[in-house]
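Here is a friendly briefing to keep beside you while you look around this protein. Take a look at the sequence and the structure, then work through the notes.

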Amino acid sequence: ANLGGCGNVLEGVRQGGEGGLLGLYHLNGTLGAIADLATITATTGTSGTASGAGMNYVAGKLNQGISFGGTSDYINIGNAGSVKTVEFWINNSNAADGILELIDNTTYISITTPVATQVITAMGFTDPTIYVNGVAGSTLAAGWNHVAVTTNTAVAAASVVLGEANNDYMAGSLDEVAIYNRVLDPIEIKA
């Protein structure tokens with residue numbers, strides 16, 4: 001379930017919108033700058049639109065990912081429906097601030113700084129469970145980390161944005177973002 005977490009790749013029932021998958025964003029492209037207003041293609045769900053000139057396709061966890069500049073760059077996806085799980089890969093070597101939001105400035109996932117003590121936070125979720133690298137907890141290790149946030153109470157994700165949360169713009173790299181309408185269980189997250 002972790003899109004490559006411990007070596008597995010998303011496959012089978014979790015593709016093609018089955019298994020509760022609302023949106024899947026591999027964030028793959030030709031290495032280099034991403035043009036303002038470029039379309040960021042979704043494998044499943046609504047494609048997004050890049051905003052800002054500081055994003056680049058970089059080496060990701062799986063193939064390519066996107067590096068956000070930290071000032072005004074984001075990807076607007078829009079309405080994703082009723083969300084109970086969000087998972088993604090983040091490279092914390094240079095990550096800070098807002099990672100993504102589901103509802104404009106009220107329900108979002110962010111990262112604390114400094115790098116030595118980075119912690120994932122989930123604001124606006126009802127009783128969220130945060131997993132880092134397949135284990136319940138919120139502290140990031142060095143390098144690429146698989147993060148999943150689950151909640152039993154669905155979030156009406158009306159304004160999904162990658163790279164910004166609560167008016168804080170992400171500095172760092174993101175890859176393999178997936179959004180589900182069901183709670184992934186710990187075995188799926190660890191797989």
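Asn152 touches Lys84 and Val183, once residues up to four places away in sequence are set aside. This residue belongs to strand β13 (residues 144-157), and with a relative accessibility of 65% it counts as exposed. Please keep in mind that the model is predicted.

**More on Asn152**
- The C-alpha atoms of Asn152 and Thr85 are 8.8 Å apart, while 67 residues separate the two along the chain.
- Asn152 counts as exposed because its relative accessibility, 65%, is over the 50% cut-off.

**The chain as a whole**
- The protein chain has 191 residues, and 47% of them count as buried.
- You will find one helix and 17 strands in the chain.
- Among contacts with a separation of 6 or more, 64% are between residues 24 or more positions apart.
- The accessible surface is about 7700 Å², and carbon and sulfur atoms account for 51% of this area.

**Nonpolar cores**
- The largest nonpolar core holds 39 residues, and the members that touch the most others are Phe88, Ile90, Ile99 and Leu174.
- Strand β8 (residues 81-103) is the biggest giver to this core, with eight residues.
- Another core, of eight residues, lies apart from the largest one, and its members include Leu24, Tyr180, Leu184 and Ile189.
- What is Leu174 in contact with, leaving aside its neighbours within four places in sequence? Its partners are Leu27, Gly65, Ile66, Phe68, Phe88, Trp89, Ile90, Ile99, Trp144 and Leu162.

**Strand β4 and its partners**
- Strand β3 (residues 39-40) runs antiparallel to β4, and two bridges join them.
- Within the pairing of these strands, Ile40 has Gly48 of β4 as its bridge partner.
- β4 also pairs with β7, in the antiparallel sense and over three bridges.
- Ser51 has its bridge partner in β7, namely Tyr74.

**The aromatic pair**
- The count of aromatic pairs comes to one.
- Tyr74 and Tyr169 form this pair, with ring centres 6.4 Å apart and planes at 35° to each other, a tilted arrangement.
- The pair counts as tilted because its angle of 35° falls between the 30 and 60 degree cut-offs.
- Distant parts of the chain are linked here: Tyr74 sits in strand β7 (residues 74-78) and Tyr169 in strand β16 (residues 168-169), 95 residues apart.
- Tyr74 is partly exposed, at 24% relative accessibility.
- Tyr169 is also partly exposed, with a relative accessible area of 23%.

**Glu164**
- Is Glu164 buried or exposed? Glu164 counts as buried, because its relative accessibility is 6% and the cut-off is 20%.
- Glu164 lies in strand β15 (residues 164-165).
- A polar atom of the Glu164 side chain lies 2.7 Å from the backbone nitrogen of Asn167.
- Setting aside neighbours within four places in sequence, Glu164 is in contact with Tyr74, Gly98, Ile99, Leu100, Glu101, Asn105 and Tyr169.
- Both members of the aromatic pair, Tyr74 and Tyr169, are therefore among the contacts of Glu164, given that contact means heavy atoms within 4.5 Å.

**Positive phi values**
- Most residues other than glycine have a negative phi.
- Asp127 is not a glycine, yet has a positive phi of about 45°.
- Where is Asp127 found? Asp127 is in the loop between β10 (120-123) and β11 (129-132).
- Asp127 counts as exposed, with 68% relative accessibility.
- Glu176 also has a positive phi, near 50°, in a residue other than glycine.
- Glu176 is placed in strand β17 (residues 171-180).
- With a relative accessible area of 2%, Glu176 is buried, whereas Asp127 is exposed.

Technical notes:
Residues numbered from 1 in each chain as written. Predicted model: local features only at pLDDT ≥ 70, side-chain atom pairs only at ≥ 80, totals over all residues. Heavy atoms only, no water. Phe/Tyr/Trp six-rings, centres within 6.5 Å; stacked < 30°, edge-to-face > 60°. Helix = DSSP H or I, 4+ residues; strand = E, 2+ residues; numbered from the N terminus. Buried < 20%, exposed > 50% of the residue type's maximum accessible area, 1.4 Å probe, protein only. Core = buried A, V, L, I, M, F, W, Y, C linked by side-chain atoms within 4.5 Å. Polar contact = N/O pair within 3.5 Å; in protein donor to acceptor, adjacent residues only side chain to side chain. Areas by Shrake-Rupley, 256 points an atom, 1.4 Å probe, with all protein chains shown as cover. Pairing = 2+ DSSP bridges.
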